[in-house]
Amino acid sequence: RLRQRRTEIPITRSIMDLDGPIGPDLSHPDSVIRLASAIHRFRCPEISPEQRISYERSFKSASENHPETQAALRKADTFRTDLADSLVLGNKKGAHQQVIKCAKEYLPLIHKILLTCKVQPEVARLDERLFFNWASGLEKSKKFIKSEALMFEMIMVIVCQALGTAGAASDACIAGDFPGAGRELKKAAGIMKFLAEDQLPKWISRGTNVEDKELPVEASVGICDSFKTLFLAVGQQMAIATVLVKPGIPNYTLVAKLCLGVAENLETFVNTIRSKAALQKEKIDPNFFTLITFQIGLHNALCLYFGARGIWEGKDKYGIAIVMLSEAIAAMATRRNVTSKGLPEISSKSPLKALSDDLTDMRAHMALVLREWEKDNSMVYFEAVPRSIPEEYKIKKGLMMMKPDEFSLEDVEPLALSLSEEAMTPNEDSDRALAEELQKRWNTE
């Protein structure tokens, strides 16, 4: 599911301009923009089509004297069905926006139902049991997980909004709207942050009767925390592409720092998922982690490439620019093994095959720039070329400009419920026992 923008980027620089320098065009190529903005698109979670629940039927007795509650329950049923239908649209045009719309419509209602069961558990009795059956969007194989926890349902709906938003970012990237893609990824990061730091810890602290390893991976703190960092890193890739696609010479030194920031945050993502979600990581498609390894190496190499261009454009320290570009070329080469420097090998069956042509083009461009710089230095500047980059010219810390957007649940009021006197005849002790059982089942307290 590697998504790469294939539309041609308008070329705004001529190879030969009578008013400009004579010689080969050394401006950064379109291929570097496509490489820097490569993005992996995950599926959204799915609701099992085999078991369609009904809030209206389940709360029939408790809501029969409350028309507004009945209307809200019917609406919840409708919006849940709409969400379920939108989740199987795949990558059809507008599918991700439909997922976002349906999740936003359904979320306040499931929140309202959960709050209702929390504040009046003694009357929140079911005529039919509610089973919420979900499959992960991040796992390589589809397996539906069943739970009676309303909190589980609400968390998966929030996850749908997050992954739908990340999918919308992928759509924007493919269309060449890099700023729009960046905005969507900041939203997705904010939703994952909310899940990792607010909603999931609340559920865990109240106790859940489903083991963490049995839940979809998205319903874990470690995955949500790591994907918050991932979405911010990919959002910064979009910021880099936004700068590079503009006409003219960019601030290469700034771009170098942004590239290093991407690499650092992708490394943080990998470290977080290994330390906080090791079991869940094993369920995710390994091809995705191959792309992450590639992007870490690529952005480290691009940091050197753009750093060298920034020094060269400064009309000084040409020898340092040459050695930095030489190291960028080495960092862009295919690595000998998994522990050596360089990029993962792209074989005929590699998930990175879609990037192969652009990588070849970028390597050829870098070699051309190096030859031209070495020629100019030998004929004009006569700067000594050091064997390695002096410490004072190394970029030691990347720049991370992306921050997650704030996300929160909207305030809701509980629905009105009541039971007939006949239904309420059991003694107080049995009522309390039933309330405790309901709270345990729904994990609302």
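This is a predicted model: local features need pLDDT of at least 70, side-chain atom pairs count only at pLDDT 80 or more; totals for chains, interfaces and linings use all residues.
**Cavities**

Empty space inside a protein can be found by rolling a probe the size of a water molecule over the atoms. In this structure there are four cavities of 30 Å³ or more. The largest cavity holds about 200 Å³ of space. Its lining is made up of 19 residues, and Ile39, His40, Leu230, Phe231 and Val234 are the closest to the centre. Four elements each supply at least two residues of this lining: strand β2 (39-40) and the helices α6 (150-174), α8 (221-245) and α11 (286-313).

**A pair of strands**

Strands β4 (residues 132-135) and β5 run antiparallel and are joined by four bridges. In one of these pairings, Asn133 has Lys146 of β5 as its bridge partner. Strand β5 covers residues 144-147 and has two faces. Ile145 and Ser147 are on the covered face, while Phe144 and Lys146 are on the uncovered one.

**A surface patch**

Met379, Val380 and Tyr381 form a nonpolar patch on the surface. Together these three residues have about 310 Å² of accessible area. Val380 belongs to helix α13, which spans residues 356-381. Val380 counts as exposed because its relative accessible area is 51%, and the cut-off for exposed is over 50%.

**Residues with positive phi**

Most residues other than glycine have a negative phi. Lys317 has a positive phi, near 55 degrees, and is not a glycine. Lys317 sits in the loop between α11 and α12 (318-332). Phe382 is also not a glycine, and its phi is positive at about 55 degrees. Phe382 is in the loop between α13 and α14 (428-442).

**Exposure of single residues**

| Residue | Relative accessible area | Class |
|---|---|---|
| Val380 | 51% | exposed |
| Pro179 | 37% | partly exposed |
| Lys317 | 32% | partly exposed |
| Phe382 | 60% | exposed |

Pro179 and Ala169 are ten residues apart in sequence, and their C-alpha atoms are 9.4 Å apart in space.

Note on methods: Residues are numbered from 1 along each chain as its sequence is written. Side-chain values use heavy atoms; hydrogens and water are left out. Patches are made of residues with over 30% relative accessible area and no salt bridge: like charges are joined within 9 Å, nonpolar side chains (Val, Leu, Ile, Met, Phe, Trp, Tyr) within 5 Å. Accessible areas come from the Shrake-Rupley method with a 1.4 Å probe; for residues, only the protein chains shown count as cover. A salt bridge is a side-chain nitrogen of Lys or Arg within 4 Å of a carboxyl oxygen of Asp or Glu. Buried means under 20% relative accessible area, exposed over 50%, partly exposed in between (1.4 Å probe, protein chains only). Two strands pair if DSSP finds at least two bridges between them. On a 1 Å grid over the protein atoms alone, a cavity is a set of points where a 1.4 Å probe fits but cannot get out, and a pocket is an open set with protein on both sides within 12 Å along at least five of seven lines; lining residues have an atom within 4 Å of a point. Grid points are joined across faces, edges and corners, and a volume is the space filled by probe spheres set on the points.
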